[in-house]
Amino acid sequence: MAGSNHPPQPSLRILQRCKLKLEHNKALTIFGTHLIETSVSLKSLAKDIDISSKVLTRLIAEVSNVNSSCALDGHRLGLERVIRVSSKTDASNSAILCAAFRAFFGAVATDSGMVDERRTRFS
């Protein structure tokens, strides 16, 4: 951000440089995975408070599936065009796209300020 004395947040750095180096974003990938799973859980419970653990686990597994869900979401965002990988690696690989999507999701959630608000409530 122009004129700001603060370093850009993770997702802003990703957007500004248009490069995502996955090995530097493993923590954001883990965080993004947990946020996605939590979001699915909350939405499912809001729809049906009596949802079975088996059904909820299946819904989370569907959203977390590398080949059918998060890789497609990463592709829709065009992450394969901005991921930096070695010349021997295909950036459109499902596992790589999924990790990038999760890292980006974690970075955006961190930038939103909602994470800080929740952290103070549960500390």
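**View 1. Buried residues of helix α2 in the predicted model.** In helix α2, the buried residues are L28, T29, G32, T33, I36, V40, S41 and S44; buried denotes under 20% relative accessible area, exposed over 50% and partly exposed the range in between, with a 1.4 Å probe and protein chains only. Helices are DSSP runs of H or I with at least four residues, numbered from the N terminus. Helix α2 covers residues 26–47, 22 residues in total, and reaches 32 Å from its first C-alpha to its last, close to the 32 Å expected at 1.5 Å a residue. The expected span is 1.5 Å times one less than the number of residues in the helix. The model is predicted, and local features need pLDDT of at least 70, side-chain atom pairs count only at pLDDT 80 or more, and totals for chains, interfaces and linings use all residues. Residues are numbered from 1 along each chain as its sequence is written, and side-chain values use heavy atoms, with hydrogens and water left out.

**View 2. The crossing of helices α2 and α5.** Two packed helices are described by the angle between their axes and the distance between the axes. The axes of α2 and α5 come within 7 Å and cross at roughly 80 degrees, and the two helices are therefore roughly perpendicular to each other. On the α2 side, the contact is made by L28, T29, F31, G32, T33, L35 and I36. The α5 side contributes A99, F101, R102, A103, F105, G106, A107, A109 and T110. Axes are lines fitted to C-alpha atoms, for helices over the stretch in contact, with angles from 0 to 180 degrees between N-to-C directions. Angles under 35 degrees count as roughly parallel, over 145 as roughly antiparallel, 65 to 115 as roughly perpendicular and the rest as oblique; contact means heavy atoms within 4.5 Å.

**View 3. H34 of helix α2 and R102.** H34 is found in helix α2 and is partly exposed, with a relative accessible area of 47%. The C-alpha atoms of H34 and R102 are separated by 9.0 Å, although the two residues are 68 residues apart along the chain.

**View 4. The disulfide of C70 and C98.** The model has 1 disulfide, defined as a pair of cysteine sulfur atoms within 2.5 Å. The sulfur atoms of C70 and C98 are 1.6 Å apart. This pair links distant parts of the chain, with C70 in helix α4 and C98 in helix α5 (residues 94–111), 28 residues apart. The link is left-handed, with -85 degrees about the S-S bond. Both C70 and C98 are buried.

View 5. R58 and E62 meet at 2.7 Å, N to O; they are 4 residues apart in helix α3 (residues 53–64), separated by about one helical turn. R58 is partly exposed at 43% relative accessible area, and E62 is partly exposed at 42%. D73 and R76 meet at 2.6 Å, N to O, and lie 3 residues apart in helix α4 (residues 66–76), again about one helical turn. D73 is partly exposed at 24%, whereas R76 is exposed at 63%.

**View 6. A61 of helix α3 and E37.** A61 lies in helix α3 and is partly exposed at 47% relative accessibility. A61 and E37 are 24 residues apart in sequence and 8.6 Å apart in space, C-alpha to C-alpha.

Terms used
A salt bridge is a side-chain nitrogen of Lys or Arg within 4 Å of a carboxyl oxygen of Asp or Glu.
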